[in-house]
Amino acid sequence: MGAHGTAEHRSDTVRDREIAGEQQHLDTVYRRLEEKLAEAEYILEDAAKRVQVGTPGALAERDAQVYRAGAHLQRLNNEFEDFLFGRVDLQQADAPEEHGIPSQTPLDPADPAVAETLHIGRLGVLDAEFGPLVIDWRAPAAAPFYRATPLEPGRVVRRRVIRSKGRKVIGVEDDLLRPDLTPTLGGEELAVVGDGALMATLGRARGHSMRDIVSSIQKEQDEVIRAPAAGATLVTGGPGTGKTAVALHRAAFLLYQDRRRYAGGILVVSPTPLLVSYTEGVLPSLGEEGQVAIRAVGSLVDGIEASRYDSPETARIKGSARMVQLLRRAARGALELGAPTELKVFARGRVLRLDAGRLKAVRGNVVGGGGTPLNLLRPRARRLLLDALWSEAVRDLPKPSTYAEREQRQEERESFDEYVSDEAPFLAFLDAWWPALTPRRVLATLKQHRHTNRIARRAVTPEESRLLAASWRHLDERGAGGLSAHDVALVDELQVLLGEPARPKAREVDAVDLLTGLDEVTTYGERAYRQRERVPEERREYAHVIVDEAQDLTPMQWRMIGRRSRMATWTIVGDPAQSSWPFPQEAQAAMDEVLAGKPRRRHTLTVNYRNPAEIAEVAAKVLELAAPGTPSPSAVRATGAHPRFAAVREPDAAAFGAAARAELERLLAEVDGTVAVVVPMDRRAEAAGWTEGLGDRVVALGSLEAKGLEYDATVVADPTGIAGESEAGLRVLYVALTRATQRLTVLSGPDDLPDAAGVPALLK
């Protein structure tokens, strides 16, 4: 065997020995977990036996015990997959620990021996003597695993990432943070296996769900995750810097740090349903479920899922703060639209009539100058209508002059109100003149261009009112029909302007009716079943709000999120260079209004862990056009695989589709993971046809749907179309070009033919 073969054999022997050592420790951890599972199951069984205990105190104690044991059991079961993932070997500290974090005293070259080893995992585990078998990744003691670097190693001699499948360790990757030393462990030289934990992680194939990065969090990311919660934490960073993953890990960290404080819930707002689906498995993998709600911005209003897309021109209008003024007028206009112009009732022996002028005056008095929601003003409208009718009834009568006459007149008034308010004509008029409004019904009134243009009055231009009306033309009179994400923010605004319609009071049940069988009698079980069948109400307030891809939020969407976070702390992550909203100053003003008075701390993520340098270089050319002067995040790796440029010269959709499909097939053969084709928004249906029959590793996305996602390979088709579809088109194209972790193909059409080197003009 040659020298090379001998070195490989020695390397394999060291790797096998290190894997065996980690396997032995993992076996010990799982035995302890099984003991804890048995304890939790015993508690549940014991609690179940208490069902016969009838005292309220005993039943309450049983319910609390079941809840605690059930939650603990669920967490233990969740943690079994890839449970233990890291290890740090530490030198002896020259200084005591501070706040539970091991001292960061630099390594002593004279004594490079490892004095302490900590294993890091998804959940803390103690042995029977309360010694740490696994440190929870969120605990202060785990911080050196993430914070240590070759420049600032602190006490960390070696950092190891442990990969396992089920209960079997399948690999280890080490980072030696002081290569200038020869550290020892147990008197033997410390082994170093692999080419580095981070690079091994970055090279793994992607699936259609985001993986947690708990084993590969880097120093600048960890600083964001563990940042103080008070006020607002603002995080900026370019593509691939891990903003979304950091935000989700921060949610898990905050719950670990102060679970009672965040019992009010954490809201994570994502830009698209696709990104919600992509990320929703991260928090359960970190041991957190139930207290974190991940919602797309188009799903924040309970009962509505955005299903339509607005054109860029329409989205620009709907997102603007000008819509607040328009919606106020629209709500008032919905009351007046089609309202009766005359009220006639028969009372006190004659017909009483209120004409259009009188009704207009009454309506003005009802609304007044306050901001009371319109649906809550219906009782006031009823009262002022009765006042006007009474004035008409006694118009020709002399005013009472004595106390007795005034008392008599008051009795007559009470009798009048009681009689008129129960009359069918009056009730029918009130329902038509001051109907209970819903946000959808108000939006439906705006599909009439003439009505929208009439109430606009400088809030929007005539052309803008035409675009708005056209976007709602598909709604029926009650507002039923699909809505866009921008519509959802308008619905939320209208809910505030309108208020909930008053619900009729439940009729009190007469005991005599019950005895005579004239009223329905239900059992406790039936009532409990009906209660369970009710749709749970949307949580309206959260203790902490995390906004992902914040640069895309419109002023109206900021207002919507702000209503759910009046007392909340914030984490806001985004990148202005990736913004699809064309008016960043207006959005910034809306965000400042929401965060008014809250202290802010800022973090910048600078390292691109997603894109190889070859892809990052191409994207940087578009970034210079989209946001001149904005620095690109630094790519940490190069693969030698340069982006491929291809072009279709025929102005034929079939030819373009055939070329796109050929590129997808080629990429499927080159990578093991997922492949995406990204196209302009108006070509989504066309692109879906290109992927038919290629399997579930391939997806077709519109340009605005790709935000936050990543794939092993990407085809960006029609880059000129993406760049030209809106004012922010170049920034959207920058996003599309930065989705790939391994391979990128840019497929141009006849409008952007490449030069002799194959590079389209847009990307030179």
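Which helix and which strand each supply at least two residues of the lining of the second largest cavity? In this predicted model, local features need pLDDT of at least 70 and side-chain atom pairs count only at pLDDT 80 or more, while totals for chains, interfaces and linings use all residues. Residues are numbered from 1 along each chain as its sequence is written, and side-chain values use heavy atoms, with hydrogens and water left out.

The answer is helix H6 (243-257) and strand E10 (266-270); helices (H or I, at least four residues) and strands (E, at least two) are DSSP runs numbered from the N terminus. H6 gives the largest share of this lining, three residues. The second largest cavity holds about 30 Å³ of space, and around it stand Thr244, Ala247, Leu248, Val268, Ser270, Thr279, Ile546 and Asp548. By class, this lining has four nonpolar, three polar and one charged. Here Ala, Val, Leu, Ile, Met, Phe, Trp, Tyr, Cys and Pro count as nonpolar, Asp, Glu, Lys and Arg as charged, and the others, Gly among them, as polar.

A cavity is a set of points on a 1 Å grid over the protein atoms alone where a 1.4 Å probe fits but cannot get out, and lining residues have an atom within 4 Å of a point. Grid points are joined across faces, edges and corners, and a volume is the space filled by probe spheres set on the points.

The largest cavity has about 50 Å³ of space. Its lining consists of Pro239, Asn608, Asn611, Ala616, Ala619, Ala620, Ser632, Pro633, Tyr734 and Thr738, of which six are nonpolar, four polar and none charged. Helix H23 (residues 613-626) provides the largest share of that lining, three residues.

Definitions and conventions:
1 Å grid on protein atoms, 1.4 Å probe; cavity = no way out; pocket = protein on both sides within 12 Å on 5 of 7 lines; lining within 4 Å.
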